[in-house]
Amino acid sequence: MKWVVLVSIINQIHGKMRSEEPVSLTWLAPVRMLVITMIAFGYASTMSRGPQEAEYLRMFGYDPSWYGISILFMVSGFLALRSLQRHGSALKFLISRCVRNVPIVAVFALLVVLLIFPLLGDMGATGLGQHIQYLIKVISCISPGEMTPGLLDNALYICTIQGGLWTFRWGAIAFIATAVLWMIGGLRNRRQILLLSIILLLAYAAFVFYGIQTTDHHPAFSFIRVGLRLGWAYMLGMCAYAYRHTLPRTLFIPLVIIAAASIQYYALRWTPFIEISTELGLGYLVYLGITSRRGAPNSGQKPEQKPDQKNGRKSIPDLSLGLYVFNWPVTQIVLLLLPGLTPLSLFAVGYPITILIAFLAWRLVSKKLNARLVLD
């Protein structure tokens with residue numbers, strides 16, 4: 001009897017240690033940068049051809065940038081729950097997200113107003129007041145996709161030097177909602193997280209069905225649909241973290257899910273679950289990648305940088321935010337200066353420049369802030 005009790009206690013301790021075991025995110029930076037590279041490639045493939053053209057590497061009727069943005073929200077949801085479960089503070093969570101995201105967005109906005117616009121824009125088309133409004137709306141994420149008349153008005157993508165910045169508003173909404181749900185206890189139970197994810201997923205599918213069958217949409221329809229699309233992806237990332245100890249670590253599952261999406265696309269009637277299935281499969285692949293326990297490659301960083309605690313190797317700098325923010329404007333400007341570039345040449349020329357700018361932004365801004373204010 002005593003042995004049974006002892007074994008039970010040992011099993012309980014082992015289970016508790018397993019549940020508290022930190023998730024290895026050695027490959028978070030490279031995998032996330034790979035996803036953003038896929039987004040940037042998709043953008044560059046249509047930059048010189050116009051928004052009516054499909055992106056290269058289009059899969060099952062959806063562009064790679066479309067999938068990539070959803071996957072980034074999945075990763076963001078994964079990291080959000082991880083952060084909250086580590087320190088338990090909604091306020092700390094919100095501050096950490098502001099410290100990581102806002103400075104780079106502010107650098108972008110200031111570069112547009114102080115450098116890019118004076119060099120490439122029409123100063124007579126706008127005034128100081130409009131620039132100040134632009135800075136406020138972009139930096140506050142109230143309207144990060146705000147357009148300034150007179151800047152690249154002749155481009156195929158008219159006045160869209162902001163690119164993917166529109167997603168930062170949805171990121172801010174997701175973070176605030178996360179903090180509120182955490183404070184009221186809505187994210188403490190993984191079943192609640194799973195239920196909320198399913199509700200958002202089905203609501204998104206219903207909205208897409210409704211949008212296909214109805215041409216007369218309310219002005220708020222598109223806003224809600226985009227929110228649901230990014231919302232279920234964000235919650236799915238939370239689910240991945242909540243159920244991380246029970247998710248099988250095998251490539252078979254995501255490959256089967258993607259295969260099922262291909263069968264839906266090629267052999268069955270179209271439904272929004274083609275997109276949903278594909279994003280589930282790709283998201284699972286990314287989950288396996290960022291949580292892999294294999295040692296990351298050496299980064300060539302200087303000795304004073306902290307090595308990874310697991311394998312003693314130096315972690316590579318995470319340039320994800322800079323790559324995401326700067327890839328579109330850099331590509332637009334390169335195309336403006338070299339209008340004869342093909343899509344592949346445009347990516348080959350523009351993306352290395354984006355990497356350089358992202359590295360400088362990380363080195364001069366993000367690295368120092370993150371080192372001085374460790375919140376997670």
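Me: Contact means heavy atoms within 4.5 Å. In this predicted model, what share of the contacts in the chain with a separation of 6 or more comes from residues 24 or more positions apart?
Reply: The count takes in contacts with a separation of 6 or more. Within that set, residues 24 or more positions apart account for 74%.

Me: How many helices and how many strands does the chain have?
Reply: Read along the sequence, the pattern is α-α-α-α-α-α-α-α-α-α-α-α. The secondary structure accordingly comes to 12 helices and 0 strands.

Me: Which residues touch the most other members of the largest nonpolar core?
Reply: Buried residues make up 46% of the 376 residues in the chain. The largest nonpolar core holds 100 residues. Those touching the most other members are Phe78, Phe168, Ile193, Tyr234, Met238 and Val325.

Me: Which residues does Phe78 touch, not counting residues up to four places away in sequence?
Reply: Phe78 belongs to the largest nonpolar core and is among the members touching the most others. With residues up to four places away set aside, Phe78 touches Val23, Leu25, Gly237, Met238, Ala240, Tyr241, Tyr287, Ile290 and Thr291.

Me: Is α2 roughly parallel or roughly antiparallel to α11?
Reply: The axes of α2 (residues 28-47) and α11 (residues 320-337) come within 10 Å and cross at roughly 20°. Angles under 35 degrees count as roughly parallel. Therefore α2 is, relative to α11, roughly parallel.

Me: How many nonpolar, polar and charged residues does the contact of α2 with α11 have?
Reply: The crossing of α2 and α11 is right-handed. Among the residues making the contact are Arg32 and Tyr43 of α2 and Asn327 and Trp328 of α11. By class, the contact has 12 nonpolar, 4 polar and 1 charged residues.

Technical notes:
Residues numbered from 1 in each chain as written. Predicted model: local features only at pLDDT ≥ 70, side-chain atom pairs only at ≥ 80, totals over all residues. Heavy atoms only, no water. Core = buried A, V, L, I, M, F, W, Y, C linked by side-chain atoms within 4.5 Å. Buried < 20%, exposed > 50% of the residue type's maximum accessible area, 1.4 Å probe, protein only. Axes fitted to C-alpha atoms, helices over the stretch in contact; angles between N-to-C directions. Helix = DSSP H or I, 4+ residues; strand = E, 2+ residues; numbered from the N terminus. Parallel < 35°, antiparallel > 145°, perpendicular 65-115°, else oblique. Left-handed = near helix turned anticlockwise from the far one by under 90°. Nonpolar A, V, L, I, M, F, W, Y, C, P; charged D, E, K, R; others polar.
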